[in-house]
Number of protein chains: 2
Amino acid sequence: MTPPTDAEPSGRPTALPTALPTALAELRRALGPDRVLAPDEAAAGFVRDERGLLPAHPAAVLRPRSTAEVATAVTLCARHGVPVVPFAGGTGLVGGAIPLGEGTQVVLSVRELNRIRSVDAADFAITAEAGCVVADVQRAAAEAGLLFPLRLASEGSCRIGGVVATNAGGSNVLRYGMTRELVLGLEVVLPDGRIWHGLRTLRKDNTGYDLKQLLIGSEGTLGVVTAATLRLFPRPRHQAVALLALPGLGALAELLALARELLEERLSALELFSRTGLDLVLSQLSDTRDPFDRPHPQYVLIEATATRDGAALAAALEGLLAEAIERGLVADAVPALDPAQARALWALREALPEAEKRAGGAVKHDVSVPLGAIAAFVEAAEQAVAAACPGAVVNAFGHVGDGNVHFNVLSAGGSSAVDTSAVVYRVVGEFGGSISAEHGIGVLKREALAAARSPLELDLLRTVKTALDPQGIMNPGKLLA
Amino acid sequence: MTPPTDAEPSGRPTALPTALPTALAELRRALGPDRVLAPDEAAAGFVRDERGLLPAHPAAVLRPRSTAEVATAVTLCARHGVPVVPFAGGTGLVGGAIPLGEGTQVVLSVRELNRIRSVDAADFAITAEAGCVVADVQRAAAEAGLLFPLRLASEGSCRIGGVVATNAGGSNVLRYGMTRELVLGLEVVLPDGRIWHGLRTLRKDNTGYDLKQLLIGSEGTLGVVTAATLRLFPRPRHQAVALLALPGLGALAELLALARELLEERLSALELFSRTGLDLVLSQLSDTRDPFDRPHPQYVLIEATATRDGAALAAALEGLLAEAIERGLVADAVPALDPAQARALWALREALPEAEKRAGGAVKHDVSVPLGAIAAFVEAAEQAVAAACPGAVVNAFGHVGDGNVHFNVLSAGGSSAVDTSAVVYRVVGEFGGSISAEHGIGVLKREALAAARSPLELDLLRTVKTALDPQGIMNPGKLLA
């Protein structure tokens, strides 16, 4: 006979109806009443879904001010089997920080943990608490003469806890890597409330399993990140930017290889967009103009950065343009002659999401494929979408230097979102790609993940989850069903 | 009442005395008799400890020829509770691939899995089986015009399975990262014999916990790596090398910062050694000479590499030397004027281990500390060793661009190895450092790890081990006691 337990082996917490009020009362007593927001206060804009796709009905919102208070909060929630949803900037795109259910999950905000604990220029490292806004970390690094390279559209509001929990990418990944590559150490409150003091500043440390790797990208399902030690870099002071017109996608792989060969790590961005995308921007947004005198099928924005010798950097980019044109990879090119022109070229690329929105929205697919397969993937996926959903307009763009394509289908097509996504993800699978390059899984891609991964991989994910969070208390229902 | 189980919860396998002969008979039947070497054949040089510190008494050596055969072998061993010790190049320095006990553990060699499965130049990726020698992978990449950047003293004999399992470092880490940074995907036989097909070629993939990170650096305790997809890079065709004489260790952090600022990622090596080290080399090895006309307390070998424009690279290094001398960070400098001179300067650095050996050997400590703490650490550790062991001679050198110091104590000191190590590791801990930067834990550093990490971290390591290898079948006794 199996003895009764507080938690089912499935990892689903089994809080009794009476456990939640008791837990909230104890939390108020332990943290102070002002640290525990009631649902109505909490609903007043505090917990929101960035894309407006999900309702949020938390049981309460906890606002601890220190790692010790986070530990206290998690300990009490664990004791009563109350699920905890870690919350930082609230800028996620897959609902990972939105409580599920109707008032049964407690949101734990790390926003009050917002100190930069140290900037160690000689170590090329910064230690920031989970509630620090990314832009503030960038600023603190810049004040020390260094660069914190994470660059995201949401950098003014997203926070360190969130970017670590989601392994955020952005537009500097090509040179500096994802958040994973930037993390040297973590401080984490584990699902049982213990504090793991894993803040380290080491470049090399082969002493057992690299535990921090499990937490990075775990989307709050294995613990609450309370602070991170992050890598800093010399600060580039020079930038060279050009917009290239491509005769077609076929030139892409060779262009990327040539750019890496000539610019090496100074290559910091290689961003693709199509004529469809440029037309969208030009038609939806004022103050934009086509930099070329005739239309081309594809465009690549290229950027290189360097700490010193801007003239040599510009010359290297010009050399690349000349060689690319000579090889027939590029039909035309517009180099930016000053920072204002560079900003104007970047603005065309950065306006794509807004232009999509104004044109009526799009079904977004943040996918990745091997570098050499980008052109073939985009063409195959476009054909598959056209077959499944005649008349649909595809706007494919993205960080192609990393194989990351935002394969978005404009809703003009009329078919349902689910159908298009299934089609796109099927083609992604055929190319050995990923259904989520940057955005993670959260709740919105949970079913897609279950379909895309093998039973063995799903089993391994569940094994890790159950081992580190046997009670299933941390962000249940995210990542895994 | 607890029902009887085949494995204790501690993870210790409990093979019955009769299980081993049965398992070996089944292995012979399944793999073929020539794939199962008896202990006497195996002992004939097949399984050996690189440093000669450990005896090896395997029950047998298995030599499967494919991933499927590895899976068969592990399945049979798991069924009978027979421990499996994965073995690749046999060049490890901590006994991680040496069977423990007297004929109770089976060694599983992956050497026969030695195909390069594919070189995908457009993806900047190569897929190699675990038995491939690292030098052969380098060669295959070079034939495709690209670079596989792992560079190790043992690259002519160490193998892919081993470098993944130990997260190998080497002399190119500063520019390209450890093995962890080079792995895009893995194929692994899990402790229950299932095959995880995780070979991917993606730069971005945020779909759940990054499982491959657990296997990398796990030293064979979580599964058998059978193949890896690895990152390739544009191949540098130019190299600029110089030997710098430092007035003391105090200049080190600023010199590193200046080198990173001026050379950016082209900086590929920054290797420290002291006058003690140079004297050792000059006295123990013929055909060596001091490149400077007078002695200096410390030396730094600096190397930068680039794909194109060797003249610009040389100019950048010269600019660094000029600025470093002007700031008083460097007392004198010898730039290599041609590849032969570059090799001669590197030879001084690379001769250090051999010179130590000829001088009577040393107690080696492969440690790391934060970049800014190298000078203070070396000084504090030297003082601590001098206090504990008067007359001991310290030879501290290493990849200081990564904070990695080989803090070696020449045995002339007369004190026991254990005493010196305890002293050194205590100082490492005071500086927030690691007791194993590159070499891993294996069996030789197992007790040191247990002493250096917090009980919570050791508990987390055990939790991961137990979750993925509940039977405790994979390389038991390594990493964790």
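Which residues have the most contacts inside the largest nonpolar core?

1. Core. The largest nonpolar core has 200 residues, and Ile160(A), Phe407(A), Ile160(B) and Phe407(B) have the most contacts inside it. A nonpolar core here is a set of buried Ala, Val, Leu, Ile, Met, Phe, Trp, Tyr and Cys residues joined through side-chain atoms within 4.5 Å. Buried means under 20% relative accessible area, exposed over 50%, and partly exposed in between (1.4 Å probe, protein chains only).

2. Basis. This is a predicted model, in which local features need pLDDT of at least 70 and side-chain atom pairs count only at pLDDT 80 or more, while totals for chains, interfaces and linings use all residues. Residues are numbered from 1 along each chain as its sequence is written, chains are lettered from A in the order in which they are written, and side-chain values use heavy atoms, with hydrogens and water left out.

3. Surroundings of Ile160(B). Setting aside neighbours within four places in sequence, Ile160(B) is in contact (heavy atoms within 4.5 Å) with several residues of chain B. Among them are Ala128(B), Cys132(B), Val137(B), Phe148(B) and Leu230(B).

4. Val385(A). Helix H14 of chain A, residues 374-388, holds Val385(A); helices are DSSP runs (H or I, at least four residues), and strands are runs of E of at least two, numbered from the N terminus. Val385(A) is buried, at a relative accessible area of 2%. Beyond four places in sequence, its contacts include Phe407(A), Val409(A) and Val424(A).

5. Annotated span. An unreviewed UniProt entry lists residues 54-235 of chain A as "domain: FAD-binding PCMH-type". UniProt positions follow the numbering used here, feature names are shortened, and annotations may be inferred rather than shown by experiment. The span is 24% helix and 24% strand, and its end C-alpha atoms lie 39 Å apart.

6. Interface. In chain B, 83 residues are in contact with 83 residues of chain A. The copies meet through the same surface, because 100% of the interface residues of chain B are also interface residues in chain A. The two chains bury about 7,000 Å² between them, 55% of it on carbon and sulfur atoms; buried area is the accessible area (1.4 Å probe) that two parts lose on being put together, summed over both. In chain B, Lys204(B), Asn206(B) and Tyr209(B) lose the most area to chain A, together 15% of what that side buries.

7. Salt bridges. The rule (a side-chain nitrogen of Lys or Arg within 4 Å of a carboxyl oxygen of Asp or Glu) finds 20 salt bridges across the interface of chain B and chain A. Lys204(B) forms a salt bridge with Glu438(A), with the closest N and O atoms 2.6 Å apart.
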